[in-house]
Amino acid sequence: MQAEPWDVFMLHFLSLDVMQHGLWRFMDPTHPRHETGPSSPDGAGSPYENAIRDGYARVDAAIGKMLDVADDETIVLVMSDHGFGPLHAIVNLNNYLMEKGLLHLKRDPWTRLKAAAFRQGLTPATIFRWMSRLGVQDLVARTSKGTRNKMMGKFLSYDAVDWSRTVAYSMGHVGQIYLNIAGREPDGIVARKDRLPVLEQVMDALKELRDEAGRPLVTRLIPRREIYHGSHAEHGPDLHVVLDDYQMISFPLFATDDKIITEQIRGDSGCHRSEGVFIASGPGIGRGKTLVGANILDLAPTILHLAGLPVRSEMDGRVLGEILETPPDVRFTETQPEQRQETGLDEVESAEVEERLRGLGYL
Ligand SMILES: [Zn+2]
């Protein structure tokens with residue numbers, strides 16, 4: 001901040017995310033895997049009991065240092081890209097789709113052998129548990145994502161799926177379901193005209209998903225049209241499944257083991273929520289105002305406006321005028337048709353994007 005001139009300065013504290021994934025259960029006495037630590041008989045807590053609170057205090061102190069450096073003309077925004085809450089279990093949605101006859105495995109001997117081995121416990125979950133017991137689980141974190149994906153391919157994976165008989169599959173964190181659409185998926189069998197009735201069928205099957213106690217697990221089913229729009233929307237998942245109020249998420253790849261409801265492979269006990277925080281202060285920002293119904297998409301146009309720049313009219317989101325002392329006079333610019341053309345990324349740009357994503361731990 002002091003070394004270079006800047007118009008907008010941004011800093012991301014990733015530690016809050018990592019901490020809450022790993023340590024939620026120590027703080028939360030209602031968590032099914034709550035642990036009070038070795039000295040628990042006398043009521044003393046785990047050494048990690050206050051780790052999350054202390055982590056927030058450290059981030060708060062770091063923000064304090066930045067505020068000391070920033071001048072009085074600087075507007076400061078504090079935002080999270082999501083909230084946090086407890087994670088109780090993982091749902092292998094592909095196993096459930098298989099049980100419901102919506103996804104089928106190939107019938108060749110090799111796939112059958114893999115499926116049998118999977119049922120016998122040759123699963124990513126078992127291997128990870130063995131490695132944890134041997135104390136080498138850090139090796140998994142240190143291997144590249146490519147190697148890990150290759151390792152995962154040795155288990156039952158999407159390669160084992162008989163796409164000619166599969167209507168729906170799950171891929172991706174949280175609970176994304178894709179229909180096996182002809183013309184979109186390489187071996188798609190669902191005709192585009194049948195998409196909605198097939199989606200209904202999949203949604204009906206998911207509504208029957210229950211835990212061992214018979215409790216329904218699906219909190220919300222969100223069809224694609226409710227969340228995605230634009231020219232690439234049809235490449236997105238056909239359905240988002242909110243499981244047990246986000247206290248359960250699906251496994252991002254094929255399946256961790258042969259169970260439908262299972263434990264988190266790395267022992268995470270916290271996970272994302274859709275509500276986050278937003279705080280603003282500085283010249284022109286109204287004091288003590290409460291913001292209702294803000295969306296993460298509103299941040300970019302708001303920041304452009306606060307920086308004195310016009311907002312592109314086709315941009316998603318809106319300027320959060322209600323945080324300001326006086327109603328904003330937002331300037332918009334039209335994007336010229338020649339600017340609207342999608343140029344795609346060249347090799348250098350793609351490499352840069354990859355490098356950024358790797359730095360954030362996504363690759
Ligand atoms: Zn996270």
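Predicted model: local features only at pLDDT ≥ 70, side-chain atom pairs only at ≥ 80, totals over all residues.
Reader: What makes E208 count as exposed?

Author: Its neighbour count. E208 has 11 C-beta neighbours inside 10 Å, so it counts as exposed. Numbering runs from 1 along each chain as its sequence is written.

Reader: Where does E208 lie, and how far is its C-alpha atom from that of K100?

Author: E208 sits in the loop between α8 and β6 (218–223). Helices here are DSSP runs of H or I with at least four residues, strands are runs of E with at least two, and both are numbered from the N terminus. The C-alpha atoms of E208 and K100 are 9.9 Å apart, although 108 residues separate the two along the chain.

Reader: By those rules, how many helices and strands does the protein have, and what share of its residues is buried?

Author: Eleven helices and 13 strands. Of the 363 residues, 21% are buried.

Reader: Why is L113 called exposed, and why is H31 called partly exposed?

Author: Same test, two counts. L113, in helix α4 (residues 109–119), has 10 other C-beta atoms within 10 Å, so it is exposed. H31, in the loop between α1 and α2, has 17 C-beta neighbours inside 10 Å, so it counts as partly exposed.

Reader: What does H31 touch?

Author: Leaving out residues up to four places away in sequence, H31 touches W24, R25, P86 and S269. Touching means that the two C-beta atoms, placed from the backbone, lie within 7 Å. H31 and L87 are 56 residues apart in sequence, with 8.3 Å from C-alpha to C-alpha.

Reader: How do you know that α1 and α2 are roughly antiparallel to each other?

Author: From the crossing angle. The axes of α1 (residues 15–27) and α2 cross at roughly 155° and come within 8 Å. These axes are lines fitted to C-alpha atoms, for helices over the stretch in contact, and the angles run from 0 to 180 degrees between N-to-C directions. Angles over 145 degrees count as roughly antiparallel, under 35 as roughly parallel, 65 to 115 as roughly perpendicular and the rest as oblique. The pair is therefore roughly antiparallel.

Reader: Which residues make that contact, and what classes do they fall into?

Author: On the α1 side they include L16, M19 and L23, and on the α2 side they include I52, Y56 and V59. By class there are nine nonpolar, three polar and no charged residues. Ala, Val, Leu, Ile, Met, Phe, Trp, Tyr, Cys and Pro count as nonpolar, Asp, Glu, Lys and Arg as charged, and the others, Gly among them, as polar.

Reader: How do you know that the span of α2 agrees with its length?

Author: The expected span is 1.5 Å times one less than the number of residues. For the 19 residues of α2 (residues 51–69) that should be 27 Å, and the end C-alpha atoms are 28 Å apart, which agrees.

Reader: And does α2 lie largely in the open or largely buried?

Author: Of its 19 residues, the number buried is one, so α2 lies largely in the open.

Reader: What makes a set of residues a nonpolar core?

Author: Its members are buried Ala, Val, Leu, Ile, Met, Phe, Trp, Tyr and Cys residues, joined through C-beta atoms within 7 Å. The largest core has 36 residues, and L97, L103, A168, I177 and V202 touch the most other members. Elements giving two or more residues to this core include β3 (89–91), α3 (93–99) and α8 (195–207). The largest share, four residues, comes from α3. Apart from this core lies another, of six residues, among them M19, L23, M27 and I52.

Reader: What is noted about phi in V174 and D245?

Author: Both are positive in residues other than glycine: near 80° for V174 and about 55° for D245. V174 is in the loop between β4 and β5, and D245 in the loop between β7 and β8. With 18 C-beta neighbours inside 10 Å, V174 counts as partly exposed; D245, with 13 other C-beta atoms within 10 Å, is partly exposed.

Methods
Buried ≥ 20, exposed ≤ 12 C-beta atoms within 10 Å, placed from the backbone.
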